[in-house]
Amino acid sequence: MKDRRYAHPFRDLRARIRAATSVCVLTGAGMSAESGIPTFRDAHSGFWARFDPMQLASEEGFRAEPQRVWDWYEMRREGVRAAEPNEGHRALAAWAGRHPGCLTIVTQNVDDLHQRAGGGGRIIALHGHIMENRWLDPCPKAEDMMRRPCDIAVAEPGRPPKCPTCDNLLRPGVVWFGESLDYRDLSAAEEVAASCDVLLVVGTSGAVWPAAGLAARARHAGAHVVIINPEPTEIDDEAHIVLTGTAARLLPRIFDPL
Ligand code: BJW
């Protein structure tokens, strides 16, 4: 029998958001697609199509071909610099501004478009920040308690830049496959998922863990779970409602002018 509660999914969702004290939005690469940033699995066109993204986005891949992986990130950084937040980012930011303390965005995206959209809501970036760098290996100088670790600012330009003192390489400040997420970020995201009234899952394939597990966590804790995506995802079964469409089109329809 058809579930009549969801006969008007937008009206129902807007009412739930209006009544909510905590809304969590989990975003993935599709969130930034309409800003012109290709999704993770689409970021491999042209020259890059011949490489395996799981290999490029891994420590093993970087150690094997540091120049290639560095160049891939430089190409993507240029795309992020040129991009602007889209109507979806802006709708979330505007709602956060009107409802201080109510919205947490948990993003898998390494771009900074949620941050640039503003609004003052809490943003947890699970997979790091593409515009930042850090050392590939622990700085040997830092092991000596009396000495400071090498400063990233002194890295010699190169592809990738290198430490003139200890030959350490710079790498992008993102979380690669096989690496642990920052424990505080993941715990914070899990807490919000387990305590929010509504979880919106926007523009993610739901293929990458542990982020993908947040939908089930929220649902089991009693949240209303809604997926927004133009295509089916691997976690559609966790949702009460799947809204088929894009982030920039649907988010303003949901959040403006609540
Ligand atoms: C639109 C749209 C529009 C298009 N509007 N939507 C449990 C089971 C099995 C494996 C594992 C497991 N737990 C951990 C693992 C291993 C691994 C993993 O998940 N592997 C899977 C492949 C199975 N996870 C890890 O390694 C994580 N670490 C970890 O768990 O450590 C402990 C551990 C290690 C090893 C084993 C066990 C435990 C780390 C994951 C780090 C992910 N990092 C990346 C790269 C970041 C840097 C970079 O960008 O280069 O993060 S991978 C990549 O995937 C990136 C993304 O954030 C992430 C998610 O992708 P996303 O956002 O979903 O993008 P797409 O491209 O997949 O999908 C786009 C979606 O948008 C599509 O659905 C479109 O339809 C949609 N769309 N236009 C709305 N306009």
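Author: One definition before we start. Rings of Phe, Tyr and Trp, the last by its six-membered ring, pair if their centres lie within 6.5 Å. Keep in mind that this is a predicted model.

Reader: By this rule, how many aromatic pairs are there?

Author: The test is the distance between ring centres, with 6.5 Å as the limit. Applied here, the count comes to 6 aromatic pairs.

Reader: What kind of pair do Phe62 and Trp176 form?

Author: The ring centres of Phe62 and Trp176 are 5.4 Å apart, with 35° between the planes. Planes under 30 degrees apart count as stacked and over 60 as edge-to-face.

Reader: How many residues apart are Phe62 and Trp176?

Author: Phe62 belongs to helix H3, residues 59–64. Trp176 is in the loop between strand S5 (170–174) and H7. The pair links distant parts of the chain, with a separation of 114 residues.

Reader: Is Trp176 buried or exposed?

Author: Buried means under 20% relative accessible area. Phe62, at 0%, counts as buried. Trp176 has 2% relative accessibility, so Trp176 also counts as buried.

Reader: Which parts of the chain does the pair of Tyr73 and Trp176 tie together?

Author: Tyr73 and Trp176 form a tilted pair, 6.4 Å centre to centre with 50° between the planes. Tyr73 counts as buried at 3% relative accessibility. The partners are 103 residues apart in sequence, so the pair ties together helix H4 (residues 66–82) and the loop between S5 and H7.

Reader: At what angle do the axes of H7 and H8 cross?

Author: Two packed helices are described by the angle between their axes and the distance between the axes. Here H7 covers residues 183–195 and H8 residues 213–220. Ala189, Glu190, Ala193 and Ala194 of H7 meet Leu214, Arg217 and Ala218 of H8. By class, that contact has 5 nonpolar, no polar and 2 charged residues. The axes come within 7 Å and cross at roughly 40°.

Reader: How many residues of helix H9 are buried?

Author: H9 spans residues 247–255. Its buried residues are Ala247, Ala248, Leu250, Leu251, Pro252, Ile254 and Phe255. They pack against helices H1 and H5 and strands S6, S7 and S8. H9 is largely enclosed by the rest of the structure, because the buried count is 7 of the 9 residues.

Reader: How far apart in space are Arg16 and Val198?

Author: Arg16 is in helix H1. Arg16 is partly exposed, with a relative accessible area of 28%. Arg16 and Val198 are 182 residues apart in sequence, yet their C-alpha distance is 7.3 Å.

Reader: What radius of gyration does the protein chain have?

Author: The chain comes to 9 helices and 8 strands, and 49% of its residues count as buried. With 258 residues, a compact globule would have a radius of gyration near 18 Å. The chain agrees with that, at 20 Å.

Notes
Residues are numbered from 1 along each chain as its sequence is written. This is a predicted model: local features need pLDDT of at least 70, side-chain atom pairs count only at pLDDT 80 or more; totals for chains, interfaces and linings use all residues. Side-chain values use heavy atoms; hydrogens and water are left out. Axes are lines fitted to C-alpha atoms, for helices over the stretch in contact, and angles run from 0 to 180 degrees between N-to-C directions. Helices (H or I, at least four residues) and strands (E, at least two) are DSSP runs, numbered from the N terminus. Contact means heavy atoms within 4.5 Å. Ala, Val, Leu, Ile, Met, Phe, Trp, Tyr, Cys and Pro count as nonpolar, Asp, Glu, Lys and Arg as charged, and the others, Gly among them, as polar. Buried means under 20% relative accessible area, exposed over 50%, partly exposed in between (1.4 Å probe, protein chains only). The radius of gyration is taken over C-alpha atoms; the globule rule is 2.2 Å times the number of residues to the power 0.38.
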